[in-house]
Amino acid sequence: MNPAGWSLKLTWLGLVALTLLSLASAEGLVSHHVALIGIFVIAAIKGLMVARRFMEVGHALPHWRALYQVWIAGIAIILAAGHMF
């Protein structure tokens, strides 16, 4: 298999692992506030992984990559803040 195929498979496995981690935190293994922050951080990381690998944002111009990163982080912060208060 070519290196790009392995990279996509590893990314997919990472997404599955992060999903299981967020599920575990949501099921009450940690406190409520830590779980909320963790879930939104994991969601932002997953969004970056999907954008970079599957939407090929990693090949975009630097300002577009920065825009995607800021957008994903901003949405995660807004949603986390909305759930905290």
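These legends walk through several close-up views of a predicted model, starting with the whole chain.

This is a predicted model, so local features are described at pLDDT of at least 70 and side-chain atom pairs count only at pLDDT 80 or more, while totals for chains, interfaces and linings use all residues. Residues are numbered from 1 along each chain as its sequence is written, and side-chain values use heavy atoms, with hydrogens and water left out.

View 1. The protein chain has 3 helices and 0 strands, and reading along the sequence gives the pattern α-α-α. Here helices (H or I, at least four residues) and strands (E, at least two) are DSSP runs, numbered from the N terminus. Along its principal axes, the C-alpha trace spans about 45 × 30 × 10 Å. Of the 85 residues, 19% count as buried; buried means under 20% relative accessible area, exposed means over 50%, and partly exposed is in between, using a 1.4 Å probe and protein chains only. The accessible surface comes to about 6,100 Å², and 75% of it belongs to carbon and sulfur atoms. That area comes from the Shrake-Rupley method with a 1.4 Å probe. As for contacts (heavy atoms within 4.5 Å), take those between residues at least 6 apart in sequence: 63% of them join residues at least 24 apart.

View 2. Helix H1 covers residues 3-29, and Ser22 sits in it. Ser22 is buried, at 15% relative accessible area. Skip its neighbours within four places in sequence, and Ser22 is in contact with Ile39 and Ile42. Leu15 is another residue of helix H1, and it counts as buried because its relative accessibility is 13%. Leaving out the neighbours within four places in sequence, Leu15 touches Lys46, Met49, Val50 and Phe54. Ile42 is 27 residues away from Leu15 along the chain, with 9.4 Å between their C-alpha atoms. Ser7 also lies in helix H1, but Ser7 is partly exposed, with a relative accessible area of 21%. From Ser7 to Lys46, 39 residues along the chain, the C-alpha separation is 15 Å.

View 3. The largest nonpolar core has 5 residues: Ala44, Ala51, Val57, Ile72 and Ala76. The elements giving two or more residues to this core are H2 and H3. A nonpolar core means a set of buried Ala, Val, Leu, Ile, Met, Phe, Trp, Tyr and Cys residues joined through side-chain atoms within 4.5 Å. As background, nonpolar side chains tend to be buried together in soluble globular proteins. Setting aside its neighbours within four places in sequence, Ile72 is in contact with Ala44, Gly47, Leu48 and Ala51.

View 4. The structure holds 1 cavity of 30 Å³ or more, and about 70 Å³ of space lies in the largest cavity. On a 1 Å grid over the protein atoms alone, a cavity is a set of points where a 1.4 Å probe fits but cannot get out, and lining residues have an atom within 4 Å of a point. Grid points are joined across faces, edges and corners, and the volume is the space filled by probe spheres set on the points. Who is in the lining? The residues are Leu48, Ala51, Arg52, Val57, Gly58, Arg65, Tyr68 and Gln69. The lining divides into 4 nonpolar, 2 polar and 2 charged residues. In that sorting, Ala, Val, Leu, Ile, Met, Phe, Trp, Tyr, Cys and Pro count as nonpolar, Asp, Glu, Lys and Arg as charged, and the others, Gly among them, as polar.

**View 5. Glu56, in the loop between H2 and H3.** Glu56 has its place in the loop between H2 and H3. Its phi is near 60°, a positive value in a residue other than glycine. Most residues other than glycine have a negative phi. Glu56 counts as exposed, at 52% relative accessibility.

View 6. His32 lies in helix H2 and counts as exposed because its relative accessibility is 54%. Between His32 and Met84 there are 52 residues of sequence separation and 9.5 Å in space, C-alpha to C-alpha. Ala80 belongs to helix H3, and at 11% relative accessibility Ala80 counts as buried. The C-alpha atoms of Ala80 and Phe40 are separated by 6.3 Å, with the two residues 40 apart along the chain.

Definitions and conventions: 1 Å grid on protein atoms, 1.4 Å probe; cavity = no way out; pocket = protein on both sides within 12 Å on 5 of 7 lines; lining within 4 Å.
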